[in-house]
Amino acid sequence: MEQDKEYLEKDLPEFLVHSIEQMKKTWEQYEETGKLPIHWDLDFGELNSGINVAEVEDMISSEQAWYLREKYLKMSREDNT
């Protein structure tokens with residue numbers, strides 16, 4: 001089902017692309033070691049903030065924002081309603 005929504009990652013603002021790439025690296029480190037890297041909270045905060053800014057400034061839709069939160073921040077929309 002996730003593949004069906006990959007279109008939601010198209011044409012993202014550059015600052016979000018950068019934050020997503022950093023978060024991917026952070027999750028890879030976690031998967032390799034079983035421990036969260038020391039900078040995890042910074043990467044999480046930067047991406048979360050970037051998604052929020054992009055959504056509020058109408059750079060991305062709410063649907064895109066929640067897709068990115070669920071995929072890269074492992075947040076659940078149901079927990080935030």
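Student: What makes E55 partly exposed?

Tutor: The relative accessible area of E55 is 21%, and the class of partly exposed residues lies between buried, under 20%, and exposed, over 50%, with a 1.4 Å probe and protein chains only, so E55 counts as partly exposed. Keep in mind that this is a predicted model, in which local features need pLDDT of at least 70 and side-chain atom pairs count only at pLDDT 80 or more, while totals for chains, interfaces and linings use all residues. Residues are numbered from 1 along each chain as its sequence is written, and side-chain values use heavy atoms, with hydrogens and water left out.

Student: Why is the contact of E55 and R69 called a salt bridge?

Tutor: The side chains of E55 and R69 meet with 2.7 Å from N to O, and the term asks for a side-chain nitrogen of Lys or Arg within 4 Å of a carboxyl oxygen of Asp or Glu, so the pair meets the rule.

Student: Is R69 buried or exposed?

Tutor: R69 is buried, because its relative accessible area is 5%.

Student: How many salt bridges does this rule give?

Tutor: The count comes to three salt bridges. One of them joins the side chains of K71 and E9, at 2.7 Å from N to O. Here K71 belongs to helix α3 (residues 62-72) and E9 to the segment before α1 (14-33), so this pair ties together parts that are 62 residues apart in sequence. With relative accessibility of 23%, K71 is partly exposed, and E9, with a relative accessible area of 22%, is partly exposed as well.

Student: What makes E21 and K24 a salt bridge?

Tutor: The closest N and O atoms of E21 and K24 are 3.2 Å apart, and the pair forms a salt bridge. Both residues lie in helix α1, three residues apart, which is about one turn of the helix. E21 is partly exposed, with a relative accessible area of 37%, and K24 is partly exposed at 32% relative accessibility.

Student: How do you know which elements the chain has?

Tutor: Helices (H or I, at least four residues) and strands (E, at least two) are DSSP runs, numbered from the N terminus, and the chain has three helices and zero strands. From the N terminus on, the order of these elements is α-α-α.

Student: Why is the chain called as compact as a globular protein of that length?

Tutor: The radius of gyration is 13 Å, close to the 12 Å that the globule rule gives for 81 residues, so the chain is as compact as a globular protein of that length; the radius is taken over C-alpha atoms, and the rule is 2.2 Å times the number of residues to the power 0.38. Along the principal axes, the C-alpha atoms fill a box of roughly 35 × 25 × 25 Å. Buried residues make up 31% of the 81 residues.

Student: Which residues of α3 are buried?

Tutor: Q64, A65, W66, Y67, L68, R69 and Y72 are the buried residues in α3, and the buried residues of this helix pack against α1 and α2. In the chain, among contacts (heavy atoms within 4.5 Å) between residues at least 6 apart in sequence, 57% join residues at least 24 apart.

Student: What is the phi of D11 and of D58?

Tutor: D11 has a positive phi of about 55 degrees although it is not a glycine, and D58, which is not a glycine either, has a positive phi of about 60 degrees. D11 lies in the segment before α1 and, at 77% relative accessibility, counts as exposed. D58 sits in the loop between α2 and α3 and, at 69% relative accessibility, is exposed too.
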